[in-house]
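Walk through this model from the whole chain down to a single side chain. Keep the viewer open as you read.

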Amino acid sequence: LKREAEALRLTLLQKDFTQSVPKKRSFMPGSILQAEITKIESYGLVLSVKNAKNLTAVALKENMPEMKPEVGATQKCAILDYNAETGILDVSLHPELLEKHDEEPEVGTELQVLPALSKKSYCICWSRKPAAVVFAPPYAPSTWKFPVKTVLHSADAAKVILCPFPSKERNKSNQVPQIKRPEEELQPGSPVKMKIKSLRGLEVCCAAPVGLQGHLHATQLVDLGELGDDGVTPLDTVARKGTLEARILRMKRRAGEDKKAKIWHLELTCRPSLMGALGLKDSSEYESALVKWPILTEGMKVAAAVQSIQKSHLWMEVGSGIKGRVALLDCSTDLAALKSPGEHFHVGQVFTARVLRVKSAQKELDLSLLPTKQSRSIARLSKIQDGATAAILQLPGKQWGAAHVTELFDVWAKNPQQRLKVGTYYEVAILDGGEGGEGGE
């Protein structure tokens, strides 16, 4: 730790913090100067330093308190960094740095620092108490969790702080352990840490040494809810880089490209209910959580992720390579959602669905996102006819309903059948539900 801090200190000693034209002037970090606001940009403020030509000061939003700046106003600034080649002065407007302090912090002083700027060869932080501008290695912003406690290493003009850990260890949290004998060390339910490689469609693809390929489907990121619940987008919470901790649902061994090496393909889960201690659940519970064609039955509840949105239906995946169709009537009880499904659903949303019909041999699957019994529903008018039964309507769940002529409109409406239009969605109240897929009223 001290070697890295000392190397940075020596580097900063060679950095030029002075302006020689028109006269020699020092711009050491932490010193205070007066500047005039010349521009207000989306990223912060541009200021003109008094009595200094060809010099521009920049204060980023993150280095400013909440304020209402005005062009032409004079502002006290604390210097963060100076680039003599470009004539750019990075400054902070935080009031803690703008007060005069009689005593400077000594070597060994404990500081709680916050980020200010990130440069190629170093980063700049600042502390409130004691007030100070300090320098740290360039990787600090990506590895520290601010605010972070540290110690002042040097009290030179450009102060340097110690790092919480050396550069060699900064990526240790992203390392994954080697599993040399997967067939002996792993089984369904075993915890595993893998490196995230990519996001393909509705799957997170991972890898771990030696020869392990992981596949995490979007439906394995959330627990089953209730039918009719709003959808969630769990893939948005998955980092595109880094590591992933999961549990194994299934292991399959396949030959590699050279036919000698064996590649293990792991089906993974991150469902909260399955991420507890292994001793609390049997391995068979993890195997049963993996959706396969043979286990799908009518009425079964499954997690389903939106794969694509069509005008008349949604395609949803309940597992890797297992796709089902959801008719618009089975998507929502909101009439606006049925008229414009693309505005209410998006790819990656995960819902709790119910299996309506399944033919495993033909790979056919129909799903519904709605509860089984409803007193009110959205129906699509299929047929208008004369007589007492005036309208035949298609209902959710592959059911049909018939409406008596007296149930179409209020009693004073004349020629109620002429007010209807085939193919239109209507909100209906279900008076009597049929059984076994037969029609209701």
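Buried means under 20% relative accessible area, exposed over 50%, and partly exposed in between (1.4 Å probe, protein chains only). By that cut-off, buried residues make up 42% of the 441 residues in the protein chain. This is a predicted model: local features need pLDDT of at least 70, side-chain atom pairs count only at pLDDT 80 or more, and totals for chains, interfaces and linings use all residues. Residues are numbered from 1 along each chain as its sequence is written, and side-chain values use heavy atoms, with hydrogens and water left out.

The protein chain has seven helices and 26 strands. Both are DSSP runs numbered from the N terminus: helices are H or I with at least four residues, strands E with at least two.

Now the barrel. Five strands close it in the order β8-β9-β10-β12-β11, with mixed pairing. Two strands pair if DSSP finds at least two bridges between them. The twist averages 55° from one strand to the next; axes are lines fitted to C-alpha atoms, for helices over the stretch in contact, and angles run from 0 to 180 degrees between N-to-C directions. Strands β9 (residues 123-127) and β10 (residues 132-136) run antiparallel, joined by five bridges. There, W126 stands opposite V133 in β10. Helix α1 (residues 2-13) packs on the sheet and touches β10, β11 (148-154) and β12 (159-161). Contact means heavy atoms within 4.5 Å.

Turn to T352, in strand β21 (residues 350-359). T352 is buried, because its relative accessible area is 10%. Leaving aside neighbours within four places in sequence, T352 is in contact with residues including L224, G225 and K301.
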